[in-house]
Amino acid sequence: MSRPSRADAERNRLRVLEVAEELFAERGDAVQMAEVARAAGVGVGTVYRHFPNRQALVEAITEQRFVKILAFVEQHCLPDPDIHQALVRFLTHVGEVHEQGRGLSGVIEATFGSTAPRGEVGGALLAVGETLVRRGRADGALRDDVTVADLYMTVGAVAILSRDAIGDWRRFVDITLDGLRPR
């Protein structure tokens, strides 16, 4: 029996990630590895070859989620000269990601104890946040005392509010950003 080509193996890996993300978003922690394999149209051995256990699969999905958020911020927020609008867009995107992927957020939190980004992508998100805050302070969109920690406290709150359907998270974004403007 021949082994699949590297291109086929990578295609299978990406398909498993895509399907697992969808299943976890829909059904949360109830999803099993065999279900992921069936839905992806691969054997369970293929899933385990790429992801030796469920935690490794969740970790890869988590990384992918934050890479997508980072790409969104880099493409749609950083280039915007209106930092207030860039921050609204960023926080709205975070809210929508968590609202649409509530089950996945629960799986990530159950697996790692937090939904906060980690590792290299976490550092990159911190850096783009720092850039947005620095630009916002410089152009008067943000108070001089606003820090990147303030921004990410807001990001975390938006994630929790949207993930757990607690009130109107979009209104929270508006109220919070108004509070970060200079007086």
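At 3% relative accessibility, His98 counts as buried, where buried means under 20% relative accessible area, exposed over 50% and partly exposed in between (1.4 Å probe, protein chains only). His98 sits in helix 5, residues 83–100. Leaving aside neighbours within four places in sequence, His98 is in contact with Arg65, Ser105, Thr115, Ala159, Ser162 and Arg163; contact means heavy atoms within 4.5 Å.

Before going on, a word about the model. This is a predicted model, in which local features need pLDDT of at least 70 and side-chain atom pairs count only at pLDDT 80 or more, while totals for chains, interfaces and linings use all residues. Residues are numbered from 1 along each chain as its sequence is written, and side-chain values use heavy atoms, with hydrogens and water left out.

Now step back to the whole chain. The chain has 9 helices and 0 strands, and from the N terminus on its elements run α-α-α-α-α-α-α-α-α. Helices (H or I, at least four residues) and strands (E, at least two) are DSSP runs, numbered from the N terminus. Along the principal axes, the C-alpha atoms fill a box of roughly 70 × 35 × 20 Å. Of the 183 residues in the chain, 43% are buried. Among contacts between residues at least 6 apart in sequence, 68% join residues at least 24 apart.

Which residues of helix 1 are buried? They are Val16, Leu17, Val19, Ala20, Glu21, Leu23 and Phe24. The buried residues of helix 1 pack against helix 2 (33–40), helix 3 (44–50), helix 4 (54–77) and helix 6 (102–112). Just after helix 1, Gly28 takes a positive phi of about 65°.

Next come the charged pairs. Side chains of opposite charge can pair when their charged atoms come close. Here a salt bridge is a side-chain nitrogen of Lys or Arg within 4 Å of a carboxyl oxygen of Asp or Glu, and by this rule the count comes to 14 salt bridges. One of them joins the side chains of Arg15 and Glu18 at 3.3 Å, N to O. Arg15 and Glu18 are 3 residues apart in helix 1, which means that about one helical turn separates them. An α-helix has 3.6 residues a turn, so residues three or four places apart point the same way. Arg15 is partly exposed at 33% relative accessibility, and Glu18 is partly exposed with a relative accessible area of 40%.

Another salt bridge brings together the side chains of Arg54 and Asp29 (3.1 Å, N to O). Arg54 lies in helix 4 and Asp29 in the loop between helix 1 and helix 2, so this pair ties together parts that are 25 residues apart in sequence. Arg54 is partly exposed at 24% relative accessibility, as is Asp29 with a relative accessible area of 45%.

The side chains of Arg118 and Glu59 also meet in a salt bridge, at 3.9 Å from N to O. This pair links distant parts of the chain, with Arg118 in the loop between helix 6 and helix 7 (119–139) and Glu59 in helix 4, 59 residues apart. Arg118 counts as partly exposed at 42% relative accessibility, and Glu59 is partly exposed with a relative accessible area of 40%. Salt bridges that share partners join Glu109, Arg163 and Asp164 into one network.

Finally, consider the domains. The domain assignment gives domain 1 (1–52) and domain 2 (61–180); such bounds come from an automatic or database domain assignment. The C-alpha centres of domain 1 and domain 2 lie 29 Å apart. The contact takes 7 residues from domain 1 and 9 residues from domain 2.

How much area do domain 1 and domain 2 bury between them? The figure is about 720 Å², with 65% of it on carbon and sulfur atoms. Buried area is the accessible area (1.4 Å probe) that two parts lose on being put together, summed over both. Across the interface of domain 1 and domain 2 the rule finds 1 salt bridge. Lys68 forms a salt bridge with Glu21, the closest N and O atoms being 3.3 Å apart.
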